[in-house]
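Reader: I am new to this structure. Please take me through it in short steps.

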Amino acid sequence: MRKSDEAQFVGLLKENQNIIHKICRLYTTDEDSHKDLFQEITIQLWKAYPNFRGDSKFTTWAYRVGLNTAITLYRKKKKTIDTIEFDSSFHKVKEDDYNYEEEEQLKLLYGAVNELNDIEKALVFLYLEDKDYTEISATLGISEVNARVKMNRVKGKLKKILNP
Amino acid sequence: MDELELLKRDWKKKENSFNQISEKEIYSMLHKTSSSIVKWILIISILEILLWSSITFFTADEEYFKTLEMYHLNTIMPIITFVNYAVILVFIYLFYKNYKAINTTESVKALMQNILKTRKTVKYYVGYNIGMAVFGFVLVFIFQFLYDPNIRTMTDKVSESMNSNLFILLIIMIYAVIIAVFVGVIWLFYKLLYGILMRRLQKNYNELSKIDF
């Protein structure tokens with residue numbers, strides 16, 4: 001039972017690992033802490049796996065556990081805005097669609113997101129993942145109204161950071 | 001907000017830019033529990049040495065040294081104790097090394113090798129402790145038999161009515177039983193203390209070995 005569970009879990013995780021990578025991209029600033037957080041989320045998912053009944057999709061569940069881990073369990077080093085070093089995977093852009101102005105703007109944007117607190121990052125993450133408010137509220141355990149209000153605040157905050 | 005749309009576009013574009021983690025790597029992440037088991041082996045061995053040395057420290061009163069002197073063990077015993085602690089410290093260092101190695105393990109194969117190494121170290125450690133206990137008992141009994149005045153008067157008395165060879169044989173048998181009982185207790189102590197951790201390590205190892213290389 002346990003053996004086949006494990007194989008199944010590893011398969012599911014491998015298939016859906018980009019979800020975790022994306023959470024790591026948002027919550028970490030260098031490759032080492034990306035790996036650390038990836039491992040931490042994997043372990044938390046595996047620990048919680050017996051409670052995963054399959055009544056929700058694996059991905060939905062992974063979003064929830066992954067974000068919870070990033071927000072509550074993972075304590076990262078304090079970073080300063082001047083020394084942000086993004087995940088090297090951020091810059092793997094093909095030469096032909098390189099747009100200097102856009103790149104600059106994106107750099108500022110990622111920098112602004114990086115200044116948000118953990119909960120705000122989670123909201124941005126779910127927004128970037130095209131989740132609707134029903135899913136956002138279910139994943140973060142807040143009401144839909146609250147999710148809307150918070151999301152608007154985050155957008156306002158980002159605007160402020162970008163245009164001081 | 002235009003900027004957020006731009007961010008989303010970029011986010012989607014880079015969705016598949018991550019270095020993919022293999023199944024093997026995921027398995028090894030799940031089995032990082034080995035590192036906590038090995039950490040416990042290290043902690044328990046340190047607690048153990050603290051326990052033994054504090055027992056020695058608090059029971060080594062004047063009486064103890066007088067007895068040692070009486071048995072003519074007052075020079076050899078401190079040396080044995082010192083050597084014993086030195087050896088145990090070496091074992092603790094080895095446990096620490098195993099712990100460090102397992103902590104930084106990258107591949108499943110290396111993890112498995114480290115588990116084997118740790119199990120071997122624990123086996124040697126328990127073997128050494130039991131061997132040392134036997135040696136200690138035998139040593140003390142021999143010297144007690146040779147130098148304890150009570151035993152000597154007893155021997156003299158008994159030999160009047162009994163074959164002295166038979167008496168010595170009887171004494172040796174009694175000693176052997178006492179040693180067997182004590183060593184049995186010590187063996188049980190280690191079996192309980194490290195046995196559980198060793199079984200978990202073995203289970204972990206068996207699971208790991210199912211992964212195809």
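Reader: Which share of the contacts in chain B with a separation of 6 or more comes from residues 24 or more positions apart?

Author: This is a predicted model, where local features need pLDDT of at least 70, side-chain atom pairs count only at pLDDT 80 or more, and totals for chains, interfaces and linings use all residues. Residues are numbered from 1 along each chain as its sequence is written, with chains lettered from A and ligands numbered from 1 in the order in which they are written. Two residues are in contact if their C-beta atoms, placed from the backbone, lie within 7 Å. For chain B, the share is 84%.

Reader: How many helices does chain B have?

Author: Helices (H or I, at least four residues) and strands (E, at least two) are DSSP runs, numbered from the N terminus. Chain B has zero strands. Its elements run α-α-α-α-α-α-α-α. The helix count is eight.

Reader: Which element gives the most to the side of chain B that touches chain A?

Author: The contact takes 21 residues from chain B and 21 residues from chain A. In chain B, α1 (2-13) and α2 (23-30) each supply at least two residues of that side. The most, seven residues, come from α1(B).
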